[in-house]
Amino acid sequence: MPDSKLAAVGVAGVGAEQAQQLLVGEAFSLAVPAGDAVQDEQASSKETGRKARRGFNCGECGQRFRTESGLRDHLASHTEGGPHSCGVCGKEFSWKWHLVRHSRIHTGEKPFKCDVCGKMFAESGHLVKHKRTHTGEKPYKCGECGKKFAVSSHLVTHKRIHTGEKPYKCDACGKAFSDSSALLVHKRVHTGEKPYTCDVCGRAFSHSASFARHKRIHAAKKL
């Protein structure tokens, strides 16, 4: 956790450990009403008449928890600070297993393998999401229009179509977006960045869709 945040809380007479707990609690209280931590109810055909299963999803990484307390504990992993420090970059973590997971960024280790296509992943949660591309499972359903999604964060973004919420604002022109990736693409209008370069003619593009259309021109010429 940044010292500035701890110091700010410490002025009010709260210790470092309590300060971290307060920040985690704040993150949770903000996440749930805003929809960034999605509470979803799902009832399968086999559970007719039974209470629907409840789950709490982290808005930061999409990981799902059965209990509110489980999500609350997990949110601490997204705050800096803790007794376990990375020997490469110095980042600190509250739990050792979070450090182990983080260390894979530096080592490149990917211990979780898809038994269908063989693709490797650094985190088990990423493997779970990936396997839905093979199974077609879409467990996250919009209560407004019924559209289903394989990833909880995609549902969060989709729901903004109905609410009109646009939390991502361009600091250059003030234009707002419902999706962080849309803001990223928009910013290239101001920066002039063109990250997609054609390996045939060298032409560069700021949008992947424009790049894809351009490549089809070369492909058609080869026919």
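Where does cysteine 173 lie? Cysteine 173 is in the loop between β10 (168-169) and β11 (176-177); helices (H or I, at least four residues) and strands (E, at least two) are DSSP runs, numbered from the N terminus. This is a predicted model, in which local features need pLDDT of at least 70 and side-chain atom pairs count only at pLDDT 80 or more, while totals for chains, interfaces and linings use all residues. Residues are numbered from 1 along each chain as its sequence is written, and side-chain values use heavy atoms, with hydrogens and water left out.

**Chain overview**

- The chain contains eight helices and 13 strands.
- Of its 223 residues, 27% count as buried, where buried means under 20% relative accessible area, exposed over 50% and partly exposed in between (1.4 Å probe, protein chains only).
- The accessible surface of the chain is about 14,700 Å², and carbon and sulfur atoms account for 52% of that area; the areas come from the Shrake-Rupley method with a 1.4 Å probe, and for residues only the protein chains shown count as cover.
- Among contacts in the chain with a separation of 6 or more, 14% are between residues 24 or more positions apart; contact means heavy atoms within 4.5 Å.

**Annotated spans**

- The UniProt annotation "domain: C2H2-type", from an unreviewed entry, covers residues 56-83, 84-111, 112-139, 140-167, 168-195 and 196-223.
- UniProt positions are given in the numbering used here, feature names are shortened, and annotations may be inferred rather than shown by experiment.
- Residues 112-139 are 43% helix and 14% strand, with the end C-alpha atoms of the span 22 Å apart.
- Residues 140-167 are 43% helix and 14% strand, and here the end C-alpha atoms lie 21 Å apart.

**Cysteine 173**

- Cysteine 173 is partly exposed, at 41% relative accessibility.
- Leaving aside residues up to four places away in sequence, cysteine 173 touches His186 and His190.

**Histidine 214**

- Histidine 214 belongs to helix α8 (residues 208-221).
- The relative accessibility of histidine 214 is 8%, so the residue counts as buried.
- Its side chain makes a polar contact of 3.1 Å with the side chain of histidine 218.
- A polar contact is a pair of N or O atoms within 3.5 Å; within protein, one must be able to donate a hydrogen and the other to accept it, and residues adjacent in sequence count only if both atoms are side-chain atoms.
- An α-helix has 3.6 residues a turn, so residues three or four places apart point the same way.
- Cys198, Cys201, Arg203 and Phe205 are touched by histidine 214, when residues up to four places away in sequence are not counted.

**Helix α5**

- The end C-alpha atoms of α5 are 17 Å apart, which agrees with the 16 Å that its twelve residues should span at 1.5 Å a residue; the expected span is 1.5 Å times one less than the number of residues.
- Leu127, His130 and Arg132 are buried in α5.
- The cover over the buried residues of α5 includes β6, β7 and β8 (140-141).
- Lysine 129 also lies in helix α5 and is partly exposed at 23% relative accessibility.
- Lysine 129 and serine 152 are 23 residues apart in sequence, and their C-alpha atoms are 9.6 Å apart in space.
- Glycine 136 follows α5 and has a positive phi, near 80°.

**Salt bridges**

- The whole structure has six salt bridges, a salt bridge being a side-chain nitrogen of Lys or Arg within 4 Å of a carboxyl oxygen of Asp or Glu.
- One of them joins lysine 131 and aspartate 115, with the closest N and O atoms 3.7 Å apart.
- This pair links distant parts of the chain, 16 residues apart: lysine 131 is in helix α5 (residues 124-135), and aspartate 115 is in the loop between β6 (112-113) and β7 (120-121).
- Lysine 131 is partly exposed at 32% relative accessible area, whereas aspartate 115 is exposed at 62%.
- Arginine 104 and glutamate 109 form a salt bridge through their side chains, at 3.8 Å from N to O.
- Arginine 104 is buried at 15% relative accessibility, while glutamate 109 is partly exposed at 41%.
- Arginine 160 and glutamate 165 likewise meet in a salt bridge, at 3.5 Å from N to O.
- Arginine 160 is buried, with a relative accessible area of 7%, and glutamate 165 is partly exposed, with 32%.
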